[in-house]
Amino acid sequence: MSAVEAKLAELGLTLPEVVPPLAAYQPAVQSGSYVYTSGQLPMVEGKLPVTGKVGAEVTPEEAKELARICGLNALAAVKSVTGDLDRIARVVKVVGFVASASDFTGQPGVVNGASELLGEVLGDKGVHARSAVGVAVLPLDAPVEVEIQVELVP
């Protein structure tokens, strides 16, 4: 078991299977020493636990937990390409999309779910630049979607 997966286990988390693509793309690709994930939905065992807009059908607290699931799914996508999460030198960038009610402005707090997970699991390697964007709708009516970019150890 890798050190990163041991940390996940210590936190009571299990790395899920990679979420299969919903369209014509790969969950993650490597280019040089970087891995870029596709947007990861908060899929659990092949389905979304909650759907709808944050600030309407979904509370910010629920959405933050869903962003955490997205972060876990993103780590699974990285592992599918690298074979070992211990190859992560650092998380470079996180982009979070939040399907938002028209008056909802708490996107940064929602995306903190993914950012905090990466920090808990990877420590200083999980510190990253980030964007948190409000959008009208996401695939399958998901409340949140997260993509990450990581640099690998040479």
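Which residues are buried in H1? They are Val4, Glu5 and Leu8, where buried means under 20% relative accessible area, exposed over 50% and partly exposed in between (1.4 Å probe, protein chains only). Seen down the helix axis, these buried residues fall within an arc of 95 degrees, so they line one face of H1; the arc is that of the directions from the helix axis to the C-beta atoms.

Before we go on, a word about the model. It is predicted, so local features need pLDDT of at least 70 and side-chain atom pairs count only at pLDDT 80 or more, while totals for chains, interfaces and linings use all residues. Residues are numbered from 1 along each chain as its sequence is written, and side-chain values use heavy atoms, with hydrogens and water left out. Helices (H or I, at least four residues) and strands (E, at least two) are DSSP runs, numbered from the N terminus.

**Around H1**

The buried residues of H1 pack against helix H2 (60–82) and helix H3 (107–122); contact here means heavy atoms within 4.5 Å. On the face turned away from the buried side, H1 carries the exposed residues Ala3 and Glu10. Just after H1 comes Gly12, with a positive phi of about 80 degrees. Further along, Ala24 sits in the loop between helix H1 (3–10) and strand E1 (28–31). Ala24 counts as exposed because its relative accessibility is 85%.

**The cores**

A nonpolar core is a set of buried Ala, Val, Leu, Ile, Met, Phe, Trp, Tyr and Cys residues joined through side-chain atoms within 4.5 Å. The largest one has 37 residues, and Leu75, Val110, Leu122, Val144, Ile148 and Val150 have the most contacts inside it. H1, H2, strand E3 (88–99), H3 and strand E5 (144–152) each give two or more residues to this core, with H2 giving the most, 11 residues. A second, separate core has 7 residues, including Leu48, Ala99, Leu138 and Ala142.

Leaving aside neighbours within four places in sequence, Val110 is in contact with several residues, among them Val54, Pro60, Phe104 and Val144.

Two strands pair if DSSP finds at least two bridges between them.

| Strands | Sense | Bridges |
|---|---|---|
| E2 (residues 34–37) and E5 | antiparallel | 3 bridges |
| E3 and E5 | antiparallel | 9 bridges |
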